[in-house]
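Reader: I have a structure open and want to learn to read it. Where do I begin?

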Amino acid sequence: MTNSESDMTTGTLNKDATVLVVEDNVANFVLIARMLGFLGIHCEWKTSGYEVVEYADTLPRLDLILMDINLEGNIDGIEFANSISSKYTIPFVYITSSVDYSTIERAKKSNAYGYIIKPFDKRDLRAAVEMAFLRHEMERRIREDEKKMATILNSIVDMVVVVD
């Protein structure tokens, strides 16, 4: 193992994570799977968003979706990500060669957790995955705190006034 490969295995990544790669090019998937493997992350592969919509219901846990924007067919990765995120709270990161302004604007509106431009290396992938995991965990904690606060506020019967 080279120094760069051993550097990739340290850090704060969730080693039990399951990442779904949505990529219609098998060579790209193999490359991504190898990079994720260096990180100790298990990955699954689907070639279209249609498969993801069906597949997401069958998994007990899915931690991240790496979504290619340019998929074969009439619907691209951004449209699939929008439909998936309306039903699930699964974070997703786009992997694409599209750097045009309109694609980036559409991706921003979809609330993606990251955007990786092809070609990329292990460090780029690791940074995007780690940041997505971190953001998702922070959002989960915020939702839990909001729920606790709402429960507390809803259970208060008497008004409390503090005067200093």
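Author: Begin with a definition. Helices and strands are DSSP runs, numbered from the N terminus. This model is predicted. Along the sequence, the protein follows the pattern α-β-α-β-α-β-α-β-α-β-α.

Reader: How many helices and how many strands does the protein have?

Author: Six helices and five strands.

Reader: How much of the protein is buried?

Author: Of the 164 residues, 39% are buried. Look at contacts too. Take those with a separation of 6 or more: residues 24 or more positions apart account for 66% of them.

Reader: How do I read a pair of aromatic rings?

Author: Two values describe such a pair: the distance of the centres and the angle of the planes. A search of the whole structure finds three aromatic pairs. One of them is Phe 29 with Trp 45, with ring centres 4.8 Å apart and planes at 10°. Planes under 30 degrees apart count as stacked, so this pair is stacked.

Reader: Which parts of the protein does the pair of Phe 29 and Trp 45 tie together?

Author: Phe 29 belongs to helix α2, residues 26–38, and Trp 45 to strand β2, residues 42–46. The pair therefore links parts that are 16 residues apart in sequence. Phe 29 is buried, at 13% relative accessible area. Trp 45 is partly exposed, at 30%.

Reader: What about the rings of Phe 92 and Tyr 94?

Author: Their centres lie 5.4 Å apart and their planes meet at 65°, so the pair is edge-to-face. Phe 92 and Tyr 94 are both buried. Together with Tyr 115, they form one aromatic cluster.

Reader: Where do charged ends sit over rings?

Author: Here are two cases. The charged end of Lys 122 sits over the ring of Phe 38, 4.5 Å from the ring centre. The charged end of Arg 135 sits over the ring of Tyr 113, 3.9 Å from the centre.

Reader: How do I read two packed helices?

Author: Take helix α3, residues 49–56, and helix α4, residues 77–87. They pack at an angle of about 15°, with axes 9 Å apart. Angles under 35 degrees count as roughly parallel, and α3 and α4 are therefore roughly parallel to each other. The crossing of α3 past α4 is right-handed.

Reader: Which residues make the contact between α3 and α4?

Author: From α3 come Gly 49, Tyr 50, Val 52 and Val 53. From α4 come Phe 80, Ser 83 and Ile 84.

Terms used:
Residues numbered from 1 in each chain as written. Predicted model: local features only at pLDDT ≥ 70, side-chain atom pairs only at ≥ 80, totals over all residues. Heavy atoms only, no water. Phe/Tyr/Trp six-rings, centres within 6.5 Å; stacked < 30°, edge-to-face > 60°. Helix = DSSP H or I, 4+ residues; strand = E, 2+ residues; numbered from the N terminus. Buried < 20%, exposed > 50% of the residue type's maximum accessible area, 1.4 Å probe, protein only. Lys NZ or Arg CZ within 6 Å of the ring centre and 35° of its normal. Axes fitted to C-alpha atoms, helices over the stretch in contact; angles between N-to-C directions. Parallel < 35°, antiparallel > 145°, perpendicular 65-115°, else oblique. Left-handed = near helix turned anticlockwise from the far one by under 90°. Contact = heavy atoms within 4.5 Å.
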